[in-house]
Amino acid sequence: MLNAVLWYVAISLTGPLVVLTLAPLVLTTGSWVVRAWDFPRLQLAALTSVPAVPLLVIILRDAGAWFATALLILLFVMAASGVVQLLPFTRLWSREVEGLGEAARNEDSLRILVANIRYESRQFEAVSDTILEADPDLLLLIEIDETWHGELHSLAQGYPHRIESIADEGLGLALWSRRPLGQGGIEHLISERRPSIVAEVETQDGRTIRFVGLHPTPPGLRDSTGQDRRDSNVRDAELVLLARRIATDPNRNWIVAGDFNDVAWSHTTRLFKRLSGMLDPRVGRKLMNTFHAGRWYLRFPVDHLFVAPGTRIGRLDRVRLPGSDHFGLLATIALEPRSETRPADPDSDADDAHEAAHAVERGAEDAGARGVKSGDPTRSI
């Protein structure tokens, strides 16, 4: 009787865990049902310990229970795969982006804050105080609507150069800067409801950085009907289009930041890196889980900052934003001396190019079906 109960518990838990662990690894579909499981890799790895307990008891009671042993090994492999995906975001891994020296940190650095303020929050003063304390040179505000825009008016006076797309429903995006912003503006890569911001930022020594801020659609988000949920196709296409644009201009000093609504280890984000040649300063340092700020057991790194080769990183921290479900991402960056700069080096192959083209096609079809397609999805930004 005990063995039957143990087997029932082990099988009923192992089956779903196998499906949820393997599905996002082997399926390239943009369905939100699959893509949502890109996120909790560490949580799934931890959950393998639950069915492992009854399996271990079965083995201890019957050393010849080979099927229980096989399932226990499978659970171990699944847990290990989750840990391996996160391993690059620890100090056990080589850094992709070198650190700043003290001199550069003081004289030539640029402080950037990515802040998803959560438009439904009303903690205006507390958020303003937090931003003032962080003291960024570049401030990317995500989910800024008319109410937030008005309440942050006094803070905005310290940032005379601004590019803004103010909108309701969490669709607003604004870049505020203390330094002059050159060529650029608001772009819509795939969906007219999802703006991106592109701007030239001048450094202390007269060089320019091409900054891109974005906030793609999250998979699983309910649409306006409240019945259907969004797939990842539009998000994936937006990231691919941006990556391909960066690859055509590899000598530029690119910085891409924002709430990607995707995790650092997902297939789409890794494809973005291979296509663009951009680097992740978290690699070799720390994971930087930024969402959900209120649930320590359910956090993922969805707010990102990618830099081109030739960029160095100083401070890299999370900032708690009062009332928001996201932590802010605060980074200090600087360009390497001119003599040491090097172009981006995309690491994509023919399979990546084919997959990228397919992702753009699916994203355009999805956006078109929802009536939010924005012109020609192959255009450059």
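1. A salt bridge here is a side-chain nitrogen of Lys or Arg within 4 Å of a carboxyl oxygen of Asp or Glu. By that criterion the whole structure contains 18 salt bridges. Side chains of opposite charge can pair when their charged atoms come close.

2. On provenance: this is a predicted model, in which local features need pLDDT of at least 70 and side-chain atom pairs count only at pLDDT 80 or more, while totals for chains, interfaces and linings use all residues. Residues are numbered from 1 along each chain as its sequence is written, and side-chain values use heavy atoms, with hydrogens and water left out.

3. One of the salt bridges joins Asp-280 and Arg-282, at 2.8 Å from N to O. Buried means under 20% relative accessible area, exposed over 50%, and partly exposed in between (1.4 Å probe, protein chains only). Asp-280 is buried at 2%, and Arg-282 also counts as buried, with a relative accessibility of 2%.

4. Arg-312 and Glu-336 meet in another salt bridge, 3.4 Å from N to O. Arg-312 belongs to strand β10 (residues 311–320) and Glu-336 to the loop between β11 and α12, so this pair ties together parts 24 residues apart in sequence. Helices (H or I, at least four residues) and strands (E, at least two) are DSSP runs numbered from the N terminus.

5. Salt bridges with shared partners connect Glu-200, Arg-210, Arg-245, Asp-249 and Arg-252 into one network.

6. Glu-164 and Arg-162 also form a salt bridge, with an N to O distance of 3.6 Å. Glu-164 is partly exposed, at 29% relative accessible area, and Arg-162 is partly exposed at 38%.

7. Where does negative charge gather in a patch? Asp-345, Asp-347, Asp-349 and Asp-351 form such a patch on the surface. Patches are made of residues with over 30% relative accessible area and no salt bridge, like charges being joined within 9 Å and nonpolar side chains (Val, Leu, Ile, Met, Phe, Trp, Tyr) within 5 Å. Asp-349 sits in the loop between β11 (327–335) and α12 (350–369), and is partly exposed at 43%.

8. The structure holds nine aromatic pairs. Rings of Phe, Tyr and Trp (its six-membered ring) pair if their centres lie within 6.5 Å; planes under 30 degrees apart count as stacked, over 60 as edge-to-face and the rest as tilted. Among the pairs is Trp-66 with Phe-67, which is edge-to-face at 5.8 Å centre to centre and 75° between the planes. Trp-66 is exposed at 65%, while Phe-67 is partly exposed at 40%.

9. Phe-124 and Trp-148 have ring centres 4.7 Å apart and planes at 70°, so they too form an edge-to-face pair. Phe-124 is in helix α7 (residues 124–134) and Trp-148 in helix α8 (residues 146–151), so the contact ties together parts 24 residues apart in sequence. Both residues, Phe-124 and Trp-148, are buried.

10. Ring pairs also link Trp-7, Trp-66 and Phe-67 into a cluster.

11. Finally, Thr-48 is located in the loop between α3 (41–47) and α4 (49–61). Thr-48 is buried, with a relative accessible area of 6%. Between Thr-48 and Arg-222 there are 174 residues of sequence separation and 30 Å in space, C-alpha to C-alpha.

How values were computed. Areas by Shrake-Rupley, 256 points an atom, 1.4 Å probe, with all protein chains shown as cover. Lys, Arg positive; Asp, Glu negative; His and termini not counted. Charge placed at Lys NZ, Arg CZ, Asp CG, Glu CD.
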